[in-house]
Amino acid sequence: MRNLVLIIVILCLLSCKAAAPPHPNEYLDSVTAAMVSSVTAPIIFARAHPDVAANARQYANIVGASVNRSGHYEYVLLVYIWSTVDARLGAGAHPGETLILLADDRGIRLQRDGRSLQEVGIATPLLAPLHARGSPRIYRTDRATLQFISTARHLRMQLEGDQDTRPFDVWKDGRRELGQLVATN
């Protein structure tokens, strides 16, 4: 009987740990001396390209991060644009500098930040997809906007100035992780 109770307690503790929300990745950047926190999983958007191949898609990974420099917090979205099939659909194919997130009934327009990752306070790219080439696009934002995005029921993405005007749809949902980042920073 004692063993059965012990097993039940252990299983309960394990299930509680598995159900706990993931905590953001956090580290002290040794190059920039900034405390960097990022989501544990990005929001991945995709847009089908049947004109290129049967299952060709263009992807955009959006990684939320906060950079703390001596108590001054800055929030950014790192955007990696890539394709596994056609190099024409990669990072260099889109001249637009404005990212538009369509969250519920609101269009959130973010201007591309011209700084490098290191100038932002991040020495190495965060959660970069294996097929991405080059540095991510950086978009400065704020905590309230990240909170709104993380709780939006419907989410799509567009790049202003893109030759293809179709929006990207959520492929893998990382809004929960974005909400966790906002809640802890």
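Analyst: **Loops, then the interior**

L127 is found in the loop between helix α2 (117-120) and strand β8 (137-141), where helices (H or I, at least four residues) and strands (E, at least two) are DSSP runs numbered from the N terminus. This is a predicted model, in which local features need pLDDT of at least 70 and side-chain atom pairs count only at pLDDT 80 or more, while totals for chains, interfaces and linings use all residues. Residues are numbered from 1 along each chain as its sequence is written, and side-chain values use heavy atoms, with hydrogens and water left out.

The phi of L127 is near 50°, a positive value in a residue other than glycine. L127 counts as partly exposed because its relative accessibility is 32% (buried means under 20% relative accessible area, exposed over 50%, and partly exposed in between, with a 1.4 Å probe and protein chains only). A33 likewise has a positive phi, of about 60°, although A33 is not a glycine, and it lies in the loop between β1 (25-28) and β2 (35-38). With a relative accessibility of 59%, A33 counts as exposed.

In soluble globular proteins, nonpolar side chains tend to be buried together.

L99 shows the packing in detail: leaving aside its neighbours within four places in sequence, L99 is in contact (heavy atoms within 4.5 Å) with I62, V79, I108, R109, L110, Y139, M157, Q158 and L159. I108 is also a partner of T145, which, with neighbours within four places in sequence again left aside, is in contact with R106 and I108. T145 lies in helix α3, residues 143-151, and counts as buried because its relative accessibility is 10%.

Strand β3, residues 43-48, includes A48, which is partly exposed, with a relative accessible area of 40%. Beyond its neighbours within four places in sequence, A48 is in contact with A56, R57 and R166. A48 and D169 are 121 residues apart in sequence, and their C-alpha atoms are 9.4 Å apart in space.
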